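Dear colleague,

I am handing over the structure below for your files. My notes on it follow, arranged by region.

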Amino acid sequence: MASSAAEDVADRQPMSDPESGEIIEQPPPEEPEAEEQSSYYSWPVINFQITPYRTYHFFNQFRTNSSKPNNFLKSVKWSPDGSCFLTCSDDNTLRVFPLQYNESGGNVDSCSSASGADSYAAKLFIGEGESVYDYCWYPYMSASGPDTCVFASSTRDHPIHLWDSSSGQLRCTYRAYDAMDEITAAFSIAFNCAGTKIFAGYNKSLRIFDVHRPGRDFKQHSTLQGNKEGQSGIISSIAFSPSNSGMLATGSYDQTTAIYSEDNMELLYVLHGQEGGVTHVQFSKDGNYLYTGGRKDPYVLCWDIRKTVEIVYKLYRSTETTNQRIQFDIDPIGQNLATGGEDGSIHVYNLQNGQWVSSFQAALDTVNGFSFHPYLPMAASSSGHRRYGDLDDSYEDVILSSDENCVSVWSFAFTSRDGVSSAHFGEPNGGIDNDDLNNDS
């Protein structure tokens, strides 16, 4: 039953040769040429010089309770089709929020953070049994195709789960076992670009699962070779090059980043330079550059994978004292990178020269997640961190403002490719002003 459900994930599932019986991978559909893409969609150019306004705001749903007195958000990720976003919090819960807007592009039911209410409730709550290590969307997810509406999650002491983002049902599981034949959890997971495989990071190893074949079948690859070259720590992050070059990058807590060839898992490079354990890796849109960030490391590093002798430039962010994963993201047209930090601000950098562009206050605590909408001039941010009290203190007495431990959806001013400028996308009648961040208590 689980197997049949997994086979519905993608239309491009491996086929069987009737003569040899061998499994033959169907290649992904070819991407349309740039000229063809521009004929039916024009990417908006975001104007970061104009401070964005907060369209939607959520905080009550993440407040502490008796069962989890110290809850906080970990990250936020938009779905590939932009119809919803997914949050992860320390109460072991994944929440799916749909993006609400009308046919004219106007946002619906936005509310002020001072009103004491969330903009709207999550449409789906998925409770995991233990702490969630990582999660990722199926790359070809589309709300118009229910079979593709899935995402994967990895949880402590549990196998990899494939969840239905519409119903919340568990589609199937992918299980890895250690030398004692006990289930071992993946610290990081990612779909490959074709959506046919799940790559999972473990201690000194990667395991590769076929999406269409759930269960305990996998290929294992050691990240530490016999000559001690490679990565010796926990593989904490995985990213694939979007340029169809067949390369993937893995970050490790041993402060290194490795680049592999996907087809044969040949180790191409090992990058050294991060001051802390690598927690996030991401390729540029053209696949020529790689960006890495680490814990207790105040810089996002830029690497030219065609010439990996030295770092191209460093992008500062306020992460000197936190072990949290601080997520960054690149805008859809690949010109700017935005990252949060402990100062509660979002900092935007130009990727051509590494220069600071702008910043805005997103929360009153650590901004650990930031994700650009894949098509619209919008983004989502998440904030929160673990709070430690005295032994005699009660966590129930901790009172947080609405701008702490929260998720916000931001709308940016933009200019279309035809030169027509606009105010903020879908500006509602009553948007949230950034001044609320300083006045709200």
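How many of the six residues of strand S6 (residues 84-89) are buried? The model is a predicted one, and in it six of the six are buried, so strand S6 is largely enclosed by the rest of the structure.

S6 has two antiparallel pairings to report. With strand S5 (residues 73-78) S6 pairs over five bridges, in the antiparallel sense. Within that pairing, tryptophan 78 stands opposite phenylalanine 85 of S6. The hairpin of S5 and S6 has five residues between the strands, and glycine 82 there takes a positive phi near 75°.

With strand S7 (residues 93-98) S6 pairs over six bridges, again in the antiparallel sense. Here cysteine 88 is the residue that stands opposite leucine 94 in S7. Three residues lie between the strands in the hairpin of S6 and S7, where asparagine 92 takes a positive phi near 65°.

Strands of a sheet pair through backbone hydrogen bonds, either parallel or antiparallel. Four strands of this model form an open sheet in the order S21-S22-S23-S24, with antiparallel pairing. Its edge strands are S21 (278-283) and S24 (313-316), each of which pairs on one side only. From one strand to the next, the twist averages 25°. S21 pairs with strand S22 (residues 289-294) over five bridges in the antiparallel sense, and glutamine 282 stands opposite tyrosine 291 in S22.

Salt bridges

Side chains of opposite charge can pair when their charged atoms come close. The count for this model comes to 12 salt bridges. One of them joins arginine 54 and aspartate 403, whose closest N and O atoms are 2.8 Å apart. This pair links distant parts of the chain, 349 residues apart: arginine 54 is in strand S4 (residues 53-58), and aspartate 403 is in the loop between strand S30 (378-383) and strand S31 (407-411). Arginine 54 and aspartate 403 are both buried.

Lysine 197 and aspartate 210 also meet through their side chains in a salt bridge, at 3.8 Å from N to O. Lysine 197 lies in strand S14 (residues 197-202) and aspartate 210 in strand S15 (residues 205-210), so this pair ties together parts that are 13 residues apart in sequence.

Arginine 306 forms a salt bridge with aspartate 304, with the closest N and O atoms 3.0 Å apart. Arginine 306 is exposed, because its relative accessible area is 52% and exposed means over 50%. Aspartate 304 counts as buried, because its relative accessibility is 13% and the cut-off for buried is under 20%.

Two individual residues

Isoleucine 235 is located in strand S17 (residues 235-240). Its relative accessibility is 0%, so isoleucine 235 counts as buried. Beyond residues up to four places away in sequence, isoleucine 235 touches several others, among them Phe187, Tyr202, Leu206, Thr223 and Thr250. Serine 188 is also touched by isoleucine 235; these two are 47 residues apart in sequence and 6.8 Å apart in space, C-alpha to C-alpha.

Glutamine 361 has its place in strand S28 (residues 356-361). With a relative accessibility of 26%, glutamine 361 counts as partly exposed. Its side chain reaches the backbone oxygen of aspartate 343 at 3.4 Å, and a polar atom of that side chain lies 2.8 Å from the backbone oxygen of alanine 363. Glycine 340 is 21 residues from glutamine 361 in sequence and 9.6 Å from it in space, C-alpha to C-alpha.

Confidence

The mean pLDDT of the protein is 84, with 78% of its residues reaching 70 or more. Over residues 1-39 pLDDT stays under 50, and the model has 56 contacts beyond four places in sequence for that stretch. Over residues 428-441 pLDDT likewise stays under 50, with 31 such contacts beyond four places in sequence. Where pLDDT is low, the predicted coordinates should not be read in detail.

With kind regards

Technical notes: Residues are numbered from 1 along each chain as its sequence is written. This is a predicted model: local features need pLDDT of at least 70, side-chain atom pairs count only at pLDDT 80 or more; totals for chains, interfaces and linings use all residues. Side-chain values use heavy atoms; hydrogens and water are left out. Buried means under 20% relative accessible area, exposed over 50%, partly exposed in between (1.4 Å probe, protein chains only). Two strands pair if DSSP finds at least two bridges between them. A polar contact is a pair of N or O atoms within 3.5 Å; within protein, one must be able to donate a hydrogen and the other to accept it, and residues adjacent in sequence count only if both atoms are side-chain atoms. pLDDT is the predictor's confidence in each residue, from 0 to 100. Contact means heavy atoms within 4.5 Å. Axes are lines fitted to C-alpha atoms, for helices over the stretch in contact, and angles run from 0 to 180 degrees between N-to-C directions. A salt bridge is a side-chain nitrogen of Lys or Arg within 4 Å of a carboxyl oxygen of Asp or Glu.
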